[in-house]
Amino acid sequence: QVQLVESGGGSVQAGGSLRLSCAVSGYTYLMGWFRQAPGKEREGVAAINRRSLTTYADSVKGRFTISRDNAKNILYLQMNPLKPEDTAMYFCAAQTQAREPFYWLPADVYDSWGQGTQVTVSS
């Protein structure tokens with residue numbers, strides 16, 4: 001059983017930064033960050049494989065950086081600079097069975113999810 005616990009969310013002003021962390025118990029293949037704002041669909045933000053190859057949503061390219069420490073079993077999302085449009089609940093997700101999906105950002109690629117951490121960006 002893989003368990004994921006996010007931390008690092010909070011409230012910041014536009015132009016500020018936050019670093020989200022996800023502590024992982026168990027082995028994972030792809031890992032990703034997703035976000036969901038009130039009244040909107042959940043969207044994939046970034047994903048990373050075990051060799052640290054990454055992919056990003058167009059809305060966050062150049063601002064967000066996803067990384068992972070396989071030895072410590074921690075996933076990170078560095079967000080800088082933040083915009084008000086980034087306000088959402090952020091979720092950590094993991095793929096626990098070996099597969100090779102063409103796209104990495106659809107939610108159905110992942111089978112294990114964290115509880116979420118809130119990010120609020122004010123203007």
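Among contacts between residues at least 6 apart in sequence, what percentage join residues at least 24 apart? In this chain the share is 59%, where contact means heavy atoms within 4.5 Å.

Before you start clicking, note that this is a predicted model, in which local features need pLDDT of at least 70 and side-chain atom pairs count only at pLDDT 80 or more, while totals for chains, interfaces and linings use all residues. Residues are numbered from 1 along each chain as its sequence is written, and side-chain values use heavy atoms, with hydrogens and water left out.

**Whole chain.** Show the cartoon: you will find 0 helices and 11 strands; both are DSSP runs numbered from the N terminus, helices being H or I of at least four residues and strands E of at least two. The C-alpha trace spans about 40 × 25 × 25 Å along its principal axes.

Zoom in on strands 1 and 3, joined over 5 bridges, and look for Glu6 opposite Cys22 in strand 3.

**Core.** Now select Met31, Trp33, Leu77, Met79 and Tyr90, which touch the most other members of the largest nonpolar core, a group of 35 residues. Such a core is a set of buried Ala, Val, Leu, Ile, Met, Phe, Trp, Tyr and Cys residues joined through side-chain atoms within 4.5 Å; buried means under 20% relative accessible area (1.4 Å probe, protein chains only). Finish at Met79, whose contacts include Leu20, Phe64, Tyr90 and Val119.

Definitions and conventions. Buried means under 20% relative accessible area, exposed over 50%, partly exposed in between (1.4 Å probe, protein chains only). Two strands pair if DSSP finds at least two bridges between them. Lists of a residue's contacts leave out its neighbours within four places in sequence.
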